[in-house]
Amino acid sequence: MTADALDPVIHAPARLRIVVTLANLPDGDELSFPRLQEMLALTPGNLITHLRKLEEAGYVTTVKTGHGIWSRTTIALTNRGRAALEEYTAALRGLLGPAMDGSVRVGQPGE
Amino acid sequence: MYEPHSTDDTAADDEDKLSPEQAAQLIEQTSRDAKRQFGYWQSPWATLAGAAIWLAIYGTLWLSVREQHPYRGPTGWALLIIYSLIIVAAIAFRAVAGPRRATQGISGRTRRLETYLGAAMGSAYIAHLVFQGALKYLGASPAIVWGVYPAVVSPIVLVAAGGVFAAVREDVQTLWAAIAVIAVLAGSAFAGPIGVWLSCGVGGFVVLVALAAVQFRQRRQ
């Protein structure tokens, strides 16, 4: 197996960090755009572009509510996105071998 | 440690090839950062501060009642001190552990569940105060109404609420600590109206220090 086997939608630094961050929220929870931006230290434009790519792949959903200064955008990982991350980490473990098994793991709070 | 670039050019990010080792490192680093930011007890120092405040509250109440024969209950000056300590604890918790920060920007199922549980636990707290009033009305002794009951039952309601919130957030360590504190509180009831304050204080302090030790150890890993 080579690195080409890794999902190209996730296999980019910013998108990998977005997906991993959202995967650490409990199922059914959403994160606001400003908090995600602050946590990842990305510019709004950069974050929007990466989110669009993830949304096109069906890995995240973004929901905008309210208008004007009251508008609020929230982002959540979909079941498909969570499954894609699990497949990605499984492929990584396959590439890195059993010695790295413990280090490639994404879990929810409390795990 | 993998250092992501800060460019605004998404195409550059796509071309910024990650080796599998870098990807594994990035997952681990990002996951650790997210857990720390989403967690309530971000600092073992906050747990230690909580342990000290817990001991100070119970210690003050024990000092105020230990010479009482017959038992009358905590004195006014002791209550003044503990309410001041509770205010200090609330301020310290906000400043050190950052509870607002942990949930800031998060919405959805967990927050809704926390609101419902908050309503249920709030009504349980009010109900326990009503029950205390009923005990006094029915002629229960001060040793029960102002001794064992407030030393054991009031904190059990509060700690149970903390445990439930920890369970919702799948914070297993805090949940186990809450269960241990509840067990200590329940067992302390057998120490009587004076000894109960000391037993609850020391027992709860030991559990919280143990929790802080586990948190310190996890941080080092």
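In helix H1 of chain A, the buried residues are Pro13(A), Ala14(A), Arg15(A), Leu16(A), Arg17(A), Ile18(A), Val19(A), Val20(A), Thr21(A), Leu22(A) and Ala23(A). Before going on: this is a predicted model.

That list covers 11 of the 11 residues of H1(A), residues 13–23, so the helix is largely enclosed by the rest of the structure.

Ala14(A) and Asn46(A) are separated by 32 residues in sequence, and their C-alpha atoms are 8.8 Å apart in space. Asn46(A) belongs to helix H3 of chain A, residues 44–56. Is Asn46(A) buried or exposed? Buried, because Asn46(A) has 20 C-beta neighbours inside 10 Å, and the cut-off for buried is 20 or more.

Now the sheet. General point: strands of a sheet pair through backbone hydrogen bonds, either parallel or antiparallel. Here we have an open sheet of 4 strands, in the order E2(A)-E3(A)-E1(A)-E1(B), and the pairing is antiparallel.

Asp29(A) has Gly108(B) as its bridge partner in E1(B). Helix H6 of chain B, residues 109–137, packs on the sheet and touches E1 of both chain A and chain B. The direction of H6(B) makes about 80° with that of E1(B).

Back to H3(A): that helix lies across E2(A) and E3(A), the latter being 72–77, and runs at about 120° to E2(A).

Note on methods: Residues are numbered from 1 along each chain as its sequence is written. Chains are lettered from A and ligands numbered from 1 in the order in which they are written. This is a predicted model: local features need pLDDT of at least 70, side-chain atom pairs count only at pLDDT 80 or more; totals for chains, interfaces and linings use all residues. Helices (H or I, at least four residues) and strands (E, at least two) are DSSP runs, numbered from the N terminus. A residue is buried if 20 or more other C-beta atoms lie within 10 Å of its own, exposed if 12 or fewer, and partly exposed in between; C-beta atoms are placed from the backbone. Two strands pair if DSSP finds at least two bridges between them. Two residues are in contact if their C-beta atoms, placed from the backbone, lie within 7 Å. Axes are lines fitted to C-alpha atoms, for helices over the stretch in contact, and angles run from 0 to 180 degrees between N-to-C directions.
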